[in-house]
Amino acid sequence: MSDADADPDAAADIDDEVDGEGTLSRPASERPPYVESTIIMTTVRVIAPFVLTLGAFVMLHGASSAGGGFQGGVIAATTVVMLGFAFGIEPIAAHLRNEQLALLVLSGVGTFLVVGFGGYLVGGNFLQVSGYETLFHNGSKYSIELVEVGIGVVVSGVITGLFFLLGTGVDTGAEETDTDTEPEADR
């Protein structure tokens, strides 16, 4: 028996305070109930590290074999989606704040841009990674892998952010406008 069964009002208050700095746009009473399943939770606990490892593997081997940053980023983001389905979106979202996801995306963009503009520093053009061979052995290979990791980090951050946004709802402010116009329509 969970805490939500014991006191529904207390569970709603906890759900509304989950993100800490703001409120979720959809109140807990309007969200579908979270149902705990021991089988799903145990399965996700076991396979989540392997899925995340697979995502990292696909990201890092995109330059020399099948895979790449986009595919690896999607697989890595799948780990967060699985955890959200198994343990509830709000508790997982509480651990990964918007600022952290934005920092993740910006670090991926920064990695991509550093490698890209670094091509100018080694005498080439933007993303001309052959110039890195003059700096160190297999420089072009490692620079391409860095680009793939940057793309993967951006993709995983965006997909995770979209999952949290769709899972917790979007506050458009339309409800307040609708309630303000109803009394005028009745007049």
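Colleague: What does the secondary structure of the chain come to?
Modeller: Eight helices and zero strands. Keep in mind that this is a predicted model. Along the sequence the pattern reads α-α-α-α-α-α-α-α.

Colleague: How much of the chain is buried?
Modeller: Buried residues are 32% of the 187 residues.

Colleague: And the contacts? What share comes from residues 24 or more positions apart?
Modeller: 62%, counting contacts with a separation of 6 or more.

Colleague: Let's turn to annotation. Which residues does UniProt list as "transmembrane region"?
Modeller: The UniProt entry, which is unreviewed, gives 46–64, 70–89, 101–122 and 142–166.

Colleague: What does the chain look like over 70–89?
Modeller: That stretch is 95% helix and 0% strand. Its end C-alpha atoms lie 23 Å apart.

Colleague: And over 142–166?
Modeller: There the chain is 100% helix, with 0% strand. The end C-alpha atoms are 36 Å apart.

Colleague: On to packing. At what angle do α3 and α4 pack?
Modeller: About 165°, with the axes 8 Å apart. Helix α4 covers residues 69–87. An angle over 145 degrees counts as roughly antiparallel, so α3 is roughly antiparallel to α4. The crossing is left-handed.

Colleague: Which residues make the contact?
Modeller: From α3, they include Ile40, Val44, Ala48, Val51, Leu54 and Val58. From α4, Gly72, Ile75, Ala76, Thr79 and Leu83 are among them.

Colleague: How do the residues of that contact divide by type?
Modeller: 16 nonpolar, six polar and one charged.

Colleague: You mentioned Leu54. Where does it sit?
Modeller: In helix α3, residues 38–60. The C-alpha atoms of Leu54 and Gly72 are 7.5 Å apart. Along the chain, Leu54 and Gly72 are separated by 18 residues.

Colleague: Why does Leu54 count as partly exposed?
Modeller: Because its relative accessibility is 43%. Buried would need under 20%, and exposed over 50%.

Colleague: Now α6 and α7. How do their axes cross?
Modeller: At roughly 155°, coming within 8 Å. Helix α6 is residues 98–121 and helix α7 is residues 139–168. That angle makes α6 roughly antiparallel to α7.

Colleague: Left-handed or right-handed?
Modeller: The crossing of α6 and α7 is left-handed.

Colleague: And how do the residues of the α6 contact with α7 divide?
Modeller: 13 are nonpolar and nine polar, with no charged residues.

Methods
Residues numbered from 1 in each chain as written. Predicted model: local features only at pLDDT ≥ 70, side-chain atom pairs only at ≥ 80, totals over all residues. Heavy atoms only, no water. UniProt positions renumbered as here; feature names shortened; annotations may be inferred. Helix = DSSP H or I, 4+ residues; strand = E, 2+ residues; numbered from the N terminus. Buried < 20%, exposed > 50% of the residue type's maximum accessible area, 1.4 Å probe, protein only. Axes fitted to C-alpha atoms, helices over the stretch in contact; angles between N-to-C directions. Parallel < 35°, antiparallel > 145°, perpendicular 65-115°, else oblique. Left-handed = near helix turned anticlockwise from the far one by under 90°. Nonpolar A, V, L, I, M, F, W, Y, C, P; charged D, E, K, R; others polar. Contact = heavy atoms within 4.5 Å.
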